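Dear colleague,

I am passing on the structure below, together with some notes on what I found when going through it. Please keep in mind while reading that the model is predicted.

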Amino acid sequence: MQRYPDRETQVLFTLLRAGLWEQMPDNLTLFPLFSGEWRKVFRMARIQTVTGIVYRGICRLPDYLLPPDEILVRWLAEVDAIERKNKRMDAVLAELYGLFRRNGIQPVLQKGQGVAQFYEHPRLRVCGDIDFYFPDKEEASRADALARGAERKPDGSLCYTWDGIIVEHHRRLTDLSNPYMQTFVEDYAGKCGYASFCLPGAEEIGIKIPAPPVNLLLLNVHLLKHALGRGIGLRQFCDIARAYHCLHAAADLDEVGKLYTMAGIWKWSNLLHSFLIDHLALSPACLPYTGRKVSSGILLNKVLREGNFGQQASAFPAKAKLRKLQTVQAFLRNAGFSLRYAPGETYWTLVELMKGNVISE
């Protein structure tokens, strides 16, 4: 049994595991809860952006253990909002993909709705923005020209809003800061080819995504980026847990482990994998070997302290300069953790920070 700081946190993880794997909660002795306790669980689920997944866990509870009506109504309203945003996100993604295709552009979708497909109920995953990568530089330039009201970020990516959804065009396939590994991974991805999936209601449009081993590396490094920066939330852990669960048979796990070693993130990966086993009940058979299992307590404390994008730790500033300053401060605050688990990426991230290319959202 894992140690959590209080009963509400234990309930959160119990319901999260149930919703993530669509199974009965593994510890019903924690229930029933008082209204105040349910409110705290709801608040934590929102901060960690796992409201929809936890709701699926609640659906597995016997009727007499359900939250009070006032809280259940709020939860249902939140879930409805998540589903509606996902439908809008799917519509914008299909529209943009169609626009790019008509202009002879072949974008690769990073994370987002491409990861949502790994869930039993994709539209209950809290969605963020749309991230595109363009393997061909000439196509990337033409795609940028199609963006309306776009803003260039310090790292070279392009950001704009399309029908209320934030869209970004990235110059890199992954968040690796090591420039040598960036080049290697992009070449490797080209040799592996790409996978694809279809959105509900738009089956004629095949959305291109990275091949399984590259996709797992991308999600892993994205988690690391947030761990080194402003904060890391449970949604990102759920994403990679579902990805490992769905992709481990298609991906060569030995090859994935080699990629982690080459990128210098094997120690971080070992900590990550221990967390996925301990707190999300992912089967070790779905994971590449990165060393013997270690205590995941340091990562649990980090997640509970910071939440998604540091929401638990502090307010998110509106101005770009303040966001950059907060990113630098967060990086320095996490330097001990970073140097211990990913020293190479810490060095290259620091080089980027000194150049002004701060970690983006």
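In what order do the 5 strands of the open sheet lie, and what is the sense of their pairing? The order is S1-S2-S5-S4-S3, and the pairing is mixed. Strand S1 (108-110) and strand S3 (151-152) are at the edges with a single partner strand each, so one side of each has no neighbour in the sheet. Within the sheet, strand S2 (residues 130-133) pairs with strand S5 (residues 165-170) in the parallel sense over 4 bridges, and Phe-132 stands opposite His-169 in S5. Across S1, S2, strand S4 (158-162) and S5 lies helix H4 (residues 69-102), which runs at about 25 degrees to S2.

Turning to the helices, the axes of helix H1 (residues 7-21) and helix H2 (residues 35-47) come within 9 Å and cross at roughly 60 degrees, and the two are therefore oblique to each other. Their crossing is right-handed.

After H12 comes Gly-307, with a positive phi near 70 degrees.

Notes:
Residues numbered from 1 in each chain as written. Predicted model: local features only at pLDDT ≥ 70, side-chain atom pairs only at ≥ 80, totals over all residues. Heavy atoms only, no water. Axes fitted to C-alpha atoms, helices over the stretch in contact; angles between N-to-C directions. Parallel < 35°, antiparallel > 145°, perpendicular 65-115°, else oblique. Left-handed = near helix turned anticlockwise from the far one by under 90°. Pairing = 2+ DSSP bridges. Contact = heavy atoms within 4.5 Å.
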